[in-house]
Amino acid sequence: MSTTAPETPNTSAAKSMEDIVALCKRRGFIFPASEIYGGINGFWDFGPLGVELKNNLRDAWWHDMVRCPPAGPDGEMLTIVGLDSAIIQNPKVWEASGHVGGFNDPMVDDKETKQRFRADHLWGVVQLEHPDRSYDDMVVIGNALISEGRANLLCSFVAPSLGEAIEFLETAKPKAVNGLRIHNVWDVPEAGVSRLDGILLRTGDTPKTLFDCVAIPVPLAVQERDFEYIPSPFTGKRGALTAPRQFNLMFKTHRGVLEDDESLCYLRPETAQGIFLNFKNVIDTQRVKVPFGIAQIGKAFRNEVTPRNYIFRSREFEQMEMEFFCHESEAKKWYDFWVQTRLDWWKSLGISADNLQRRDHDAAELAHYSTACADVEYRYPFTSPGFGELEGIAHRGCFDLTQHQEHSGAKLAYFDQERNEHYLPHVIEPAAGLSRGVLVLLCEAYTPDPERPSKVYMKFHPRMAPIKAAIFPLVAKEGMPEVAQKLYDELRTKYAVQLDVKQNIGKRYARMDEAGTPYCFTIDGQTLEDQTVTVRERDTSSQERINIDQVGSYLAERIGG
Ligand code: GAP
């Protein structure tokens with residue numbers, strides 16, 4: 001076991017979430033919703049740069065999934081059509097889909113602090129075995145949510161003091177308890193830990209010292225009565241927790257003037273069901289043949305018990321989902337194809353392979369109707385060195401169509417002319433978070449650089465960059481603003497460009513570095529003589545002169561369009 005932090009200067013591990021959030025606020029990517037009223041937990045607004053970034057990601061997905069989908073495993077052209085279904089559907093939809101009965105989180109409250117968390121995160125509690133003290137003497141100095149396969153361990157780091165904890169660990173060096181490995185958190189990726197959460201005591205960006213205070217998970221078959229004995233993860237006190245209560249994650253509302261059970265309806269918790277509802281409509285109106293897909297991008301709402309980690313888990317978010325309908329005998333082939341294709345797609349947007357991984361769910365994690373599910377995971381700064389979910393690719397069998405057929409009475413079977421067979425197709429579902437994808441783009445792009453005036457730049461893939469180019473007249477006189485204005489007017493019809501005439505040129509470059517603008521064109525005295533402009537490249541800060549007439553083709557080569 002190594003106890004030192006890995007050397008990862010420019011990976012998510014070296015980036016601080018606080019710095020990323022501050023930049024996003026400062027430059028207008030993301031604002032807390034209802035900020036002037038004190039905010040509202042779990043809701044976010046996308047500012048001028050954020051909405052461009054989100055739209056770029058959305059448009060790239062739509063282009064690469066619907067307009068120009070990839071070739072299938074046998075090299076054939078795929079057919080994927082689009083859809084935009086209503087957010088509010090007949091409430092029976094959510095009974096059929098299982099969301100009314102099953103989309104619940106068991107919730108536990110700390111009676112004293114009124115803090116709340118998910119009981120299924122409490123599959124084990126951590127005890128620090130200390131030669132001289134009992135657990136009750138100790139204070140909680142940090143919490144970590146550690147996922148190991150299906151088991152989520154909400155670990156409380158307890159110790160009389162940090163110093164004593166370290167001393168104990170260095171002398172006792174416990175390796176395992178009850179047959180369970182003890183995790184040194186820097187070694188956790190190999191052990192399969194995917195998420196760390198809520199570290200309370202941190203020392204700057206290197207929480208190594210705290211993490212070295214090893215957590216010893218002791219698995220408990222948690223039953224309701226056990227909650228009396230489980231120490232609160234917030235205070236360490238026993239007897240402070242309530243028994244778990246089921247909490248449905250769907251947001252409720254009412255249609256029409258009467259607010260009663262009859263008028264109850266739900267904001268959709270996923271975009272997927274709208275696709276299943278329209279399966280027959282699409283078959284009947286479009287020239288599509290199985291295998292084919294239906295794709296949708298849109299808002300989804302979940303009354304998450306613990307929204308957290310910035311926009312990672314919010315209560316209102318956007319999804320990009322595609323249901324790919326195929327014959328049961330080919331489902332495995334399509335599943336393998338989509339898992340690989342989706343992983344490759346995120347890489348194509350400039351996300352480094354080191355920060356992405358595929359994680360196959362183990363059997364215990366699968367929904368009862370699903371035979372396989374894999375996540376595309378990203379190494380977020382708050383999960384690093386572990387990974388957290390970005391997209392899930394699920395083999396849903398024919399569960400949803402079967403359910404809707406039974407509950408609605410509509411006949412949803414597809415007639416396959418080639419096979420001369422009626423059947424309910426099986427479904428492979430790549431389901432990505434659009435808002436979460438934006439978070440990944442932001443975390444990946446954030447690049448500290450002490451050499452620059454801004455000390456940081458956003459290294460967006462040009463396809464994703466919210467501003468593709470900036471145009472600066474060196475000074476606001478001598479005809480330079482007029483030349484800049486003309487170039488700006490030409491470019492803006494094709495690209496998201498900005499004209500910036502204020503402040504000195506260094507400050508203008510710094511602003512664009514923080515916005516992640518790949519190219520800046522400056523009109524200076526020489527432009528007026530020989531019609532050349534300087535172009536500065538974001539990542540290298542290098543500059544060259546090109547003819548002003550070539551600016552369009554220069555951008556087209558590098559950005560497309
Ligand atoms: N139709 C399947 C489905 O909805 P999911 O894993 O619950 O599956 C798919 O959601 C994706 O939606 C996730 O991988 C994640 O990117 C995103 N997502 C889910 N809940 C979210 C939340 N509360 N906030 C932000 N994104 C979320």
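pLDDT is the predictor's confidence in each residue, from 0 to 100. This is a predicted model, in which local features need pLDDT of at least 70 and side-chain atom pairs count only at pLDDT 80 or more, while totals for chains, interfaces and linings use all residues. Residues are numbered from 1 along each chain as its sequence is written, and side-chain values use heavy atoms, with hydrogens and water left out.

**Whole chain**

Colour by pLDDT. The chain average is 82, and 76% of the residues score at least 70. Select residues 1-10: pLDDT is below 50 there, with 22 contacts (heavy atoms within 4.5 Å) beyond near neighbours in sequence. Now select residues 174-223. Here pLDDT stays under 50, and the model has 132 contacts beyond four places in sequence. Where pLDDT is low, the predicted coordinates should not be read in detail.

Switch to cartoon. The chain has 16 helices and 29 strands; these are DSSP runs numbered from the N terminus, with helices (H or I) of at least four residues and strands (E) of at least two. Of the 561 residues, 53% are buried. Buried means under 20% relative accessible area, exposed over 50%, and partly exposed in between (1.4 Å probe, protein chains only).

**The cores**

A nonpolar core is a set of buried Ala, Val, Leu, Ile, Met, Phe, Trp, Tyr and Cys residues joined through side-chain atoms within 4.5 Å. The largest one has 67 residues. Show Leu57, Trp338 and Trp346, which have the most contacts inside it. Helix H10 (residues 331-348) gives the most to this core, with 9 residues. Colour domain 1 (17-103 + 252-445) and domain 3 (467-558): both give residues to this core, so it lies between them. The domain bounds come from an automatic or database domain assignment.

Centre on Leu57. Among the residues it touches are Met320, Trp345, Leu434 and Met464. Then select Phe521, Val533, Ile548 and Ile559, which belong to a second, separate core of 20 residues.

**Helix H14**

Go to residues 505-515. The buried residues of H14 include Arg508, Tyr509, Met512 and Asp513. What caps its N-terminal end? Asn504 does, with a side-chain oxygen 3.0 Å from the backbone nitrogen of Gly506. Asn504 sits in the loop between strand E26 (497-499) and H14, and is partly exposed at 46% relative accessibility. Just after the helix, Gly516 takes a positive phi of about 80 degrees.

**Backbone stops**

Most residues other than glycine have a negative phi, and most peptide bonds are trans. Select Val290 and Pro291: a cis peptide bond joins them, with omega about 5 degrees. Pro291 is in the loop between helix H9 (279-285) and strand E15 (292-301). Ser384 to Pro385 is also cis, with omega near 10 degrees.

Finish with two positive phi values. Asn309 has a phi of about 55 degrees and is buried, at 19%. Glu478 has a phi of about 60 degrees and is exposed, at 55%.

Terms used: A polar contact is a pair of N or O atoms within 3.5 Å; within protein, one must be able to donate a hydrogen and the other to accept it, and residues adjacent in sequence count only if both atoms are side-chain atoms.
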